[in-house]
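Subject: Handover of a structure and notes on its contents

Dear colleague,

Please find below the structure that I am passing on to you. My notes follow directly after it.

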Amino acid sequence: MLTLIEKVLFLLALLVSGYLTWIGFSRVAKVIGRGAGQLYLENLLARLWTALEIFLTQRTVLKTRIGLSIAHLFIAWGFTFYALVNLGDILEGYIPSFRFLGTGSIGDIYRLIADVLSVAVLIGVAVFLMRRFVAKDPALTFNDNVKLHPQVLSGLRRDSAIVGGFILLHVGFRFLGQSFRIAQKGADLWQPLATLVSGLWRGLGESGLIVAEHAAWWLALGLVLAFVPYFPYSKHIHLIFTPFNYLTRPARTSLGALEPINFEDESLEQFGAARLEHLTRKQLVDPFACIMCNRCQDVCPAYLTGKELSPSALEINKRYQIKGEMAALAAGQESSLPLLDFAISESAVWACTACGACVEICPVGNEPMFDILDIRRNQVLMESQFPDQLQVAFRGMERTGNPWQLGEDRLAWAKGLDVPTVADKSDFEILYWVGCAASYDARSQQTARAFVQILNRAGVNYAVLGELERCTGDSARRAGNEYLFFEMAKANIEMLNEAGVKRIVTACPHCFHTLGKEYSQYGGRYEVVHHTQFIADLIRQGRLKLNQAQLGQTTFHDPCYLGRHNGVYDDPRQALARAGLQLTEMPRSRNNSFCCGAGGAQMWKEEEPGTARVNLTRFAEAASTGTQMLAVGCPFCMRMFSDANQAAGGKLEVRDVAEVVAGVI
């Protein structure tokens, strides 16, 4: 098809484009390589399969915004298939009378898929461009109080226009080129859409059609050569980094399990992240993978209650700062600004509830929550800059073993219940980890007493630690005080191992998560179950007989660290149902549950300024179900919703699952 001069010119353009593209991608690789830690490739075949499956099915995109997600699916499929199409078109241009994949069945199917996906891509891209530039969808904007990099607002529009325009023109010209060819050679039943369009060119004549086909070929592939060097600097690079993100992300024990800092490594000079280069390699992959869809801020409790935090803006700000100093960063120079100067405000850092909603919803595998917690680590360990109220909790955990800073009897809640301790009963089968809340918070003590009644009625061989028990350190870790957590974890693990503990049950999801999913980082490996799981098992095994009561209707709030972080959804619901309650789900439930507002150490500090309080927002959602009861499975949730219930005039009865079950045994 191509003349000799065309072949030479295209080859030269290809070499220049390839060289410039190599420079761009090598800079990206060097920037990511500046990060701490490593990219994970163990179990490579399983990781490759997961990355491929996610990319091809687009199931992470299809979690929400179904209509738009389907449009994106066609774009992803079509543009991926176009790698094969472009290769075929180049070969057909260089080899006379060559027909890519032949004219048999394989070639026919190839042309049909290319024909249909071409139109699907054009429609999908048009939808997204209309959404951004015509409809101006509010979901693509940010609250006015969110910190944005100076280039974000103009850059997003420009980059979207460039990427969208490129895809439209590239695919459009290729599609037109096929229609020009069909107009010359006759209808092709395997390219029905291009055949339909070919009827428009009947008046061009043979020479005109040949010129038009050549022009379309050059425009379609020339645009690729022009765009590819820009590719590493555009948001379209997510096409590569989405599967790469899933291929190399850490294999966490749960969604929100933090990676430890090795305080015994004397070479470490930086704890946490103050600048881009202090982030982990995974955290530097994230901005390249970010599709800038804002789905994470759609589910962020801090953002939705008017705080300064947008997890989406955090990733986008990182992306534009990297883009602006890519060459310098790749050359090993220090980044020009601290993260707090361009990526996120200090208020936003402390507004995060560490609920994990941004991590769970992200279609490309980004984890902005971990950036925020690493910035907290820097603020606490390097700068000693953190909310004053947290000092009380830190001091309490350090001196008295609990964030309430109380030195009272840790077994006072069990008065009159004859609760055995490990010191009195060495042959216990399961340890009941009471937790700080049930030890010192009057409302949570009622939950502990109810759970002990259940254990006794079911004949469970258990014991508690009593005065030996100390806080797990979860709040310290989520607040950025990793060293305090490290010291508490080591002491607790030593104590648990000396007591011969193998199995643990706890009514606190934060203890459940920390003991079961994070203590293993320091050698503490225990089988840990949540009390709702344990209760449901006792009922299923027939060890706990319940009265056949009709208790009315309830709604259940999924605690973040039980549900989204650790995937426990059914057991508490089954226990409530067996107790005689009819369950009405809130609009946001299970993995889409809305945080109570206490996680991420928010329990111990004042909520950051916003338009609403997180606990009041969630309580109003529970009240909107019309049920008489709000059931919970977390002492933090109990505290937050009891306060909200009081502020609302006592609209609902707020009870723990254990209290409900204990009432019908």
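Glu367 has a relative accessible area of 3%, which is under the 20% limit, and Glu367 is therefore buried. Please bear in mind that the model is predicted.

**Salt bridges**

Glu367 takes part in a salt bridge with Arg249, in which the closest N and O atoms are 3.0 Å apart. Arg249 belongs to the loop between α8 (238-248) and α9 (281-289), while Glu367 belongs to the loop between α16 (357-361) and α17 (368-382), so the pair ties together parts that are 118 residues apart in sequence. A salt bridge also joins the side chains of Glu367 and Arg252, at 2.7 Å from N to O. Here too the loop between α16 and α17 is tied to the loop between α8 and α9, because Glu367 lies in the former and Arg252 in the latter; these parts are 115 residues apart in sequence. Arg252 is partly exposed, with a relative accessible area of 21%.

Another salt bridge is found within a helix. Asp286 pairs with Lys282, and their closest N and O atoms are 2.4 Å apart. The two residues are 4 residues apart in helix α9, which means that about one helical turn separates Asp286 from Lys282. Asp286 is buried, at a relative accessible area of 0%, and Lys282 is buried as well, at 4%.

A network of salt bridges links Asp374, Arg377, Asp474, Arg477, Arg478, Glu482 and Glu518. In total, the count comes to 41 salt bridges.

**Nonpolar cores**

The largest nonpolar core has 115 residues, and Leu309 and Ile344 have the most contacts inside it. Helix α4 (residues 105-134) supplies the largest share of this core, namely 7 residues. Apart from neighbours within four places in sequence, Ile344 is in contact with Lys147, Leu309, Leu314, Leu339, Val349, Ile372 and Ile375. There is also a second, separate core of 40 residues, which includes Leu417, Tyr432, Phe534 and Leu538. In soluble globular proteins, nonpolar side chains tend to be buried together.

**The sheet and the helices packed on it**

Strand β7 (residues 629-632) pairs with β8 in the parallel sense over 4 bridges, and Val632 stands opposite Asp656 in β8.

**Ser589**

Finally, I draw your attention to Ser589, in the loop between β6 (581-583) and α26 (614-623). Is Ser589 buried or exposed? Its relative accessibility is 16%, so Ser589 counts as buried. Leaving out residues up to four places away in sequence, Ser589 touches Asp558 and Arg573.

With kind regards

Conventions. Residues numbered from 1 in each chain as written. Predicted model: local features only at pLDDT ≥ 70, side-chain atom pairs only at ≥ 80, totals over all residues. Heavy atoms only, no water. Buried < 20%, exposed > 50% of the residue type's maximum accessible area, 1.4 Å probe, protein only. Contact = heavy atoms within 4.5 Å. Pairing = 2+ DSSP bridges. Core = buried A, V, L, I, M, F, W, Y, C linked by side-chain atoms within 4.5 Å. Salt bridge = Lys/Arg side-chain N within 4 Å of Asp/Glu carboxyl O.
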